[in-house]
Amino acid sequence: MKAMNISLPTGPFDWAPEILPRAEFERRLEITRAAMRIAGLGLLIVHGDGFDHGALSWVSGFTPKLGAAYALIPLEGEPGLIVSGSPGMKPSALRLSWIADMTVQRDLADDIRKWIEGHGGLKTGLYEGQAMAQAAYVAVLRGAGETLSDMTSVVDDLRRRKSACEIALIVQAGRSVEAALAALEQSLPRGRRHAIIAAERAAYAAGAQDVRVLTADRAGGAPRPLDDFDPVIMGSVPVAVAARVRGYWASAETVLGDDKTIPAREAKAILHALATTIDLSLTAEQSARWSLSWQGIGLSLEEAPQRNAPLRAGDVVCARLSLKSGSSGHIAWTAILAIDPKGARLLQTA
Amino acid sequence: MSLKPHSLEDRKSAIAAAMRAVGVQRLLLASNGHHQIDRFNPVQHLTGFRAIGPALAVLNSEGRIYGFGLEHDAGHYPRSNIDGVTCLDDLQDIDFDPRNAGSVGFATLPRRLAGALRQRLGELPAFDQAFYAVSARKTDAEIDHVRRGTRIAELGMDRLLEIARPGRRECDVAIEVNLYMKELGANDSFLMLNSGPRADAVMPSSERPIETGDLLLCELSPCVEGQFTQICRTVSIGAPSQCVVEKYPLLVKAMLAGIAAAKPGATVGDVCARIDDDLSNEGYAQYSRPPFIRRRGHGFGGGSMAPGDVAVDNRTVLEPGMVFIVHPNQFLPETGYMMCGETILITDNGHEILPQNTSRLLVAGAAGARL
């Protein structure tokens with residue numbers, strides 16, 4: 001699912017060690033460092049910004065609110081963070097991560113160079129470098145003083161296997177999504193803006209730290225973010241909702257007000273049936289009518305495994321069924337599945 | 001307050017004329033889809049459209065605009081401002097003739113997209129400076145949105161005063177104020193809100209519970225139809241200290257001195273210098289420069305950031321139709337950081353302060369009343 005970026009998240013984002021303990025991050029560092037050793041690296045720089053920070057959150061718990069941030073993971077010793085904002089804002093940034101060695105960015109190249117010098121000079125890799133703007137990449141390159149090895153696919157792969165703690169948070173986020181959908185359905189007759197706000201309010205009340213709600217303005221229309229077009233919605237409309245709890249997203253696409261229609265019943269039955277298989281395949285008869293796709297979900301709304309990539313145990317994916325009939329417009333249902341060694345487990349469905 | 005009419009069509013014509021003047025036949029406009037308060041977005045600036053993700057548009061020197069979007073966005077460009085939309089599976093598949101062409105916003109794109117476009121189209125000369133230089137003023141519709149947003153910010157502040165109380169977490173207050181402002185018509189909000197007995201800066205909200213004796217620093221910046229606006233306020237939780245009561249009016253006085261200098265033909269630096277001079281005369285010269293202060297206000301992103309930061313070295317000449325905030329937001333050694341700030345509109349003859357009620361020290365929580 002794709003959702004419009006918001007200019008500043010305001011919900012509860014402080015690092016909560018009782019929910020995501022330091023040991024969880026130590027485990028992540030351990031497997032990341034093993035991969036760094038294989039690649040011959042002494043340091044990994046991990047990029048994140050307000051739009052795309054799943055990788056950064058995975059290693060640091062940090063959600064960048066005021067611009068890009070970078071985690072610096074040495075092969076040994078404590079990691080560091082370089083964050084955006086003014087020096088006076090550092091107290092608020094420190095609350096967001098378990099990493100205490102935090103530098104407020106002044107000159108990115110210089111900040112990185114100094115950090116590396118303080119750690120003895122290190123051969124460096126980069127994670128999520130393709131999401132950076134070119135100027136920031138050049139600054140990181142200047143600071144690291146050499147060619148950067150792209151570690152994105154390697155560490156993305158490590159992130160695929162979700163821990164019990166991560167799955168619990170995705171399930172919790174799913175409850176917020178369900179609360180939002182219920183409020184949305186109840187409120188849509190009063191207009192799109194009213195319904196979206198009611199849904200957001202319900203998601204927050206259910207524990208979300210962030211929520212995005214999209215609705216179509218007509219049956220078969222594509223779900224869109226809040227804007228001033230505010231008709232009273234009649235009939236069933238496609239909607240998409242995403243909510244996150246302590247960094248972890250759940251999302252759902254569905255058609256509200258449709259429970260008795262044949263496609264809705266079919267879609268839900270297929271999604272439930274898929275929750276017993278590991279290969280997520282449709283029968284020939286189903287394939288004639290439905291398109292099935294899946295994509296990883298977790299600290300990013302869309303992460304590894306990439307769209308329709310082969311699945312393996314430990315993956316958590318959002319599976320999406322959409323009607324092939326062009327005349328119906330946008331009609332889709334989704335479910336979140338955790339892939340186990342012997343099959344899949346349904347974590348959440350709309 | 002007088003202001004000549006200005007439309008999106010006028011903006012487009014001014015940019016097209018600037019292109020023709022230097023022989024640029026087409027511009028590739030690029031948006032990364034981040035929608036930040038302090039960043040440019042040329043696609044929105046020219047079409048009014050906020051895409052969910054990265055988006056591209058082409059403006060040719062005859063003033064025609066063609067949008068390129070991914071499936072989830074392509075069908076939603078506003079038809080009135082655009083001459084055609086193409087839906088692409090991948091934005092790098094764009095069909096664009098790079099001869100005599102330039103680009104705007106290219107530097108903000110993620111490398112994976114910028115690199116693919118560069119490989120396909122070659123290096124397009126950046127036209128950003130000229131693009132924004134001739135399109136700094138807001139359109140009439142944008143100014144209406146800013147006015148509406150400013151009123152929403154003020155009402156959001158009223159709501160904040162009702163709900164901010166000891167024991168409530170900063171983030172819960174921020175969520176509620178944002179939802180309230182959405183109910184009133186905002187589509188997004190950049191809301192900074194932090195509390196404490198003494199702060200060095202305004203910050204994003206945390207899970208800290210508000211306490212009696214705190215100063216609550218608030219920067220309310222709702223976005224209406226893609227136009228951000230802002231007010232900055234300071235709230236005492238419970239009765240304020242005598243020192244805060246005495247010192248806060250210095251900030252308001254300095255702000256009004258700066259705003260008084262804001263008129264067509266003056267520079268942004270003039271506005272900042274007046275604020276700095278006023279606070280220096282009160283004995284705070286050393287706190288009127290970095291690291292205590294970097295800027296005294298700024299333009300708003302979404303579209304253009306004009307006129308830029310309110311800083312002494314900004315020589316941008318103010319023009320009618322520009323909108324920006326003037327906020328002294330000063331650290332004083334006796335009180336810590338305090339905030340006051342108003343969004344203003346440059347008119348043909350001077351300026352207009354957009355909020356109905358300008359800054360004053362506010363009180364919430366136990367005392368529950370305004371000073």
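Reader: Over the ring of which residue does the charged end of B:Arg159 sit?
Author: In this predicted model, a charge counts as over a ring when, for Arg, CZ is within 6 Å of the ring centre and within 35 degrees of the ring normal. The charged end of B:Arg159 lies 5.8 Å from the centre of the ring in question, which belongs to B:Tyr180.

Reader: Which ring lies under the charged end of A:Arg28?
Author: The charged end of A:Arg28 is placed 5.0 Å from the centre of a ring and sits over it. That ring is the one of A:Phe25.

Reader: Are the planes of A:Phe25 and A:Trp98 stacked or edge-to-face?
Author: Nine aromatic pairs are found over all chains. In the pair A:Phe25 and A:Trp98, the ring centres are 5.8 Å apart. Planes under 30 degrees apart count as stacked. The planes here are at 25°, so the pair is stacked.

Reader: How many residues apart are A:Phe25 and A:Trp98?
Author: A:Phe25 belongs to helix H1 of chain A, whereas A:Trp98 is in the loop between helix H3 and strand S4 of chain A. Both A:Phe25 and A:Trp98 are buried. The pair links distant parts of the chain, and the separation is 73 residues.

Reader: Is B:Tyr132 buried or exposed?
Author: The rings of B:Phe131 and B:Tyr132 form an edge-to-face pair, with planes at 85°. Buried means under 20% relative accessible area. B:Tyr132 has 9%, so B:Tyr132 is buried.

Note on methods. Residues numbered from 1 in each chain as written. Chains lettered and ligands numbered in written order. Predicted model: local features only at pLDDT ≥ 70, side-chain atom pairs only at ≥ 80, totals over all residues. Heavy atoms only, no water. Phe/Tyr/Trp six-rings, centres within 6.5 Å; stacked < 30°, edge-to-face > 60°. Helix = DSSP H or I, 4+ residues; strand = E, 2+ residues; numbered from the N terminus. Buried < 20%, exposed > 50% of the residue type's maximum accessible area, 1.4 Å probe, protein only.
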